[in-house]
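Here is a friendly note to read with the model open beside you. Take the points one at a time, and look up each residue as you go.

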Amino acid sequence: MKRKKQHIDYTGLAKMFAGHNWESDTNLINYDIFGASENEMKACMDTWKTLDKMQEIEQFDTDNAWGKLHSRLENDSLIDTNKSEKIISINRNKWMAVAASIIILVGLFSVWFVTNNNGFGNNFAVENTNFEAKEVNLPDGSVVYLNTHSKLTYPKAFTAKKRSVELDGEAFFDVKRDESKPFEIIANRGLVKVLGTSFNVSSLGSSVEVIVKTGKVSLADTKELTHSITLIPGERGLLSESVLKKESNDRENYLSWLDGNLVFKAVPLNEALVDINNTFHCKIELGSKELDTLPITTNFSNNTLDEVLEAISLAFDLKVEKTGKKYILVSN
Amino acid sequence: MQKSEIKIVEAIKKSNIKEYEKLFRSYYPALCGYALKVLKNTDLAEEMVQEVFYILWKNRERLQVSVSLKSYLYKAVYNKCLHYFEHKKVEEKYASHVTFNYNIDYNIEDAMHTGELYSVYKRVLNNLPERCRNVFKLSRNYGLKYHEIAEKLSISVKTVEANMGKALKAFRQGFAEYQ
C-alpha cells in the first residue's frame, strides 16, 4: 500500500494535548485522525511531556540570580570592582528591562490574576470606592495606596518567584526591597517591574502612566515584548496604544491625591484647577476665558476644599458660585 | 573534554569573569532544576547552585575538570545537596519528626539529559515567530485558556490554535535528536 504523503495536523494535536488530562490514561488516542503515524504520535506526546518538564526549569530567574551572585562576590572582594563595574551596569539594565517574559494584559473590568507557579486562586481584590486614599498592606511588607475607584488584586502570599499584582485605576506603590523576588504590576497592557522603590501608577482608559518617586522602575508593553523603558526619579513613562514614551515629569502634583500637597509655581489657573479637581474629586470651573491664564504660585498642604477656594478667590479677587455639585469662579 | 570547555576552564582560572558569567547563565536554570528534584524546595535549590558557583569562582585557581565541565557542575550540585542532606539528618536525629523531604537518589544522568533538552527548548523558543512565542508562553507559562489568549492578543481562537500547532511542530522537530 502506497504511503500517503504525510500532512500532520499539529494544530489538532496541540489542542488535544492542551485539553487532555495527563493524570489519567494517556494511551487511548486516535492518532489516525491527525494524519500521524504511531511513532509520530508518540513523539508528539513525548514532546508535550517534555514541555511540561521545561516549566520547572523556566521558573528560575537567571538574571536575578546572577545579580545576587555578582554582588556577593564583590562584597567578599573576590572580584576586581574596577574592571567589573561596566558589567554591573549592563546586568542591572538587563534585569530591569523586561526580557521576553510575557505578561497578560487586563481589561478595565476583568478581575483576572496572573500567577507564576502558584496555581490558581488565593487572591485578594481590594477596591477603593471612597474618595480617600486607601492603604493596602501586601504580604511582603510593601504598601500600596489606592486612589478612588481603583482596584488592586494580589495573592494571599507571595510564594512564587515574583511578586505579581494587578491594578485597575491609580495607586502609589511603596515596594519593599527584595532582590530575590522582583515586584511586578500589571496595569492595562503595561507591565511595571521594580526592585524596591516608590512610584505612582495610573491606568486610565487603555493607557498606563508611571511616575517614579524613588528607585528605578521599568515599564513594558505586553503586546510588544522587547518594548520597554527604564524610569528614574523625576521621570514619567506613558504607554498609550502601542506608543511608549519617556519624559521628564512635569506633573508636580502627581501625588496630591495621596498626600494632599499641592504645589503651584506660576501655573495657569485653569491647569491648576485640573490638579485641584483630581485631589478633591470636585468640579471647579472658571467663569470666563480671561481667568484661564492667571498664574498661581502657592502651596496647599492638607487644606480643605473650602480653604483652597477661599485662597484662590482672595488672590485673584474672585467669588465662588456653587450650582449643584459644580463650583464656578467668577470675577468680583 | 571538549576543546571549547578546556578554553572556558582556562579562562575562568585566569579570572575571566565574563566567561564565568556565561557559564553561569548557561547552566543555572538546569542545575536548579536538578537541585529542585533532589531537595523539593525552589529557594533551597537556588541556594545550592549559587553556592556551587560561588565556591567555583573562589577556588578557581585550583579548578580541575577531568571528564566534562557539565558533569563537574552536576556532580558539584549533587555533593552540595548530599552535604546538606547529611547535615539535616543529624539535625533530625534530635527532632521529634522528620521534616526534610529529599530525593538524593534522583538520577543525575536524567537531570543532565533534561538540562540538555532545556537548551534545545530555549533555542527553539527564541526562534519561534514572535506571535507564536507569545501564544505559547501565555498558554504554558501562564496557564491561559485559548479563548483568554485570543482575547488578550486580539486574535481569533483559530489563530491561537494554529500557533500552538506551529509551536508543537517546532519543538517536536527540535527535540527529535534528543528523545
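1. Let us begin with the lining of the largest cavity, which by class has 6 nonpolar, 3 polar and 3 charged residues. In this sorting, Ala, Val, Leu, Ile, Met, Phe, Trp, Tyr, Cys and Pro count as nonpolar, Asp, Glu, Lys and Arg as charged, and the others, Gly among them, as polar. Before going on, please note that this is a predicted model, in which local features need pLDDT of at least 70 and side-chain atom pairs count only at pLDDT 80 or more, while totals for chains, interfaces and linings use all residues. Residues are numbered from 1 along each chain as its sequence is written, chains are lettered from A and ligands numbered from 1 in the order in which they are written, and side-chain values use heavy atoms, with hydrogens and water left out.

2. How much space lies in the largest cavity? About 120 Å³. The lining comes from both chains: Lys53(A), Glu56(A) and Ile57(A) are joined by residues of chain B, including Ala30(B), Tyr34(B), Lys37(B) and Tyr106(B). The elements that give two or more residues to this lining are α2 (38–58) of chain A, and α2 (17–39) and α5 (108–127) of chain B. The largest share, 4 residues, is from α2(B). Helices (H or I, at least four residues) and strands (E, at least two) are DSSP runs, numbered from the N terminus.

3. Over the whole structure, the search finds 5 cavities of 30 Å³ or more. On a 1 Å grid over the protein atoms alone, a cavity is a set of points where a 1.4 Å probe fits but cannot get out, whereas a pocket is an open set with protein on both sides within 12 Å along at least five of seven lines; lining residues have an atom within 4 Å of a point. Grid points are joined across faces, edges and corners, and a volume is the space filled by probe spheres set on the points.

4. Now to the second largest pocket, with a volume of about 630 Å³. Its lining has 28 residues, and those nearest the centre are Gly169(A), Glu170(A), Ser202(A), Ser203(A) and Leu204(A). Among the elements of chain A that give two or more residues are β4 (150–155), β9 (198–204) and α6 (269–280). The largest share, 4 residues, comes from α6(A). By class, this lining has 7 nonpolar, 13 polar and 8 charged residues.

5. Which residues of the cavity lining also form a salt bridge? Glu56(A) and Lys37(B) line the largest cavity, and their side chains meet in a salt bridge at 2.8 Å, N to O. Glu56(A) lies in α2 of chain A and Lys37(B) in α2 of chain B, so this pair joins two chains. A salt bridge is a side-chain nitrogen of Lys or Arg within 4 Å of a carboxyl oxygen of Asp or Glu. Glu56(A) is partly exposed at 34% relative accessible area, and Lys37(B) is partly exposed at 26%. Buried means under 20% relative accessible area, exposed over 50%, and partly exposed in between (1.4 Å probe, protein chains only).6. The structure holds 25 salt bridges over all chains. Within α2 of chain B, Glu21(B) and Arg25(B) sit 4 residues apart, about one turn of the helix, and their side chains form a salt bridge (2.8 Å, N to O). Glu116(B) and Lys70(B) make another salt bridge, again with 2.8 Å from N to O. Glu116(B) is in α5 and Lys70(B) in α4 (residues 69–93) of chain B, so the pair ties together parts that are 46 residues apart in sequence. In chain A, Glu209(A), Arg236(A), Glu247(A) and Arg251(A) are linked in a network of salt bridges.

6. Glu5(B), in helix α1 (residues 3–13) of chain B, is buried yet has no salt bridge. The nearest side chain of opposite charge, Lys70(B), is 6.9 Å away. Lys and Arg count as positive and Asp and Glu as negative; His and the chain ends are not counted. Lys70(B) is itself buried, with a relative accessible area of 19%.

7. Is Tyr146(B) buried or exposed? Tyr146(B) is buried, at 12% relative accessible area. Leaving out residues up to four places away in sequence, Tyr146(B) touches residues of both chains, among them Ala14(A), Lys15(A), Val157(B) and Met164(B). Contact means heavy atoms within 4.5 Å.
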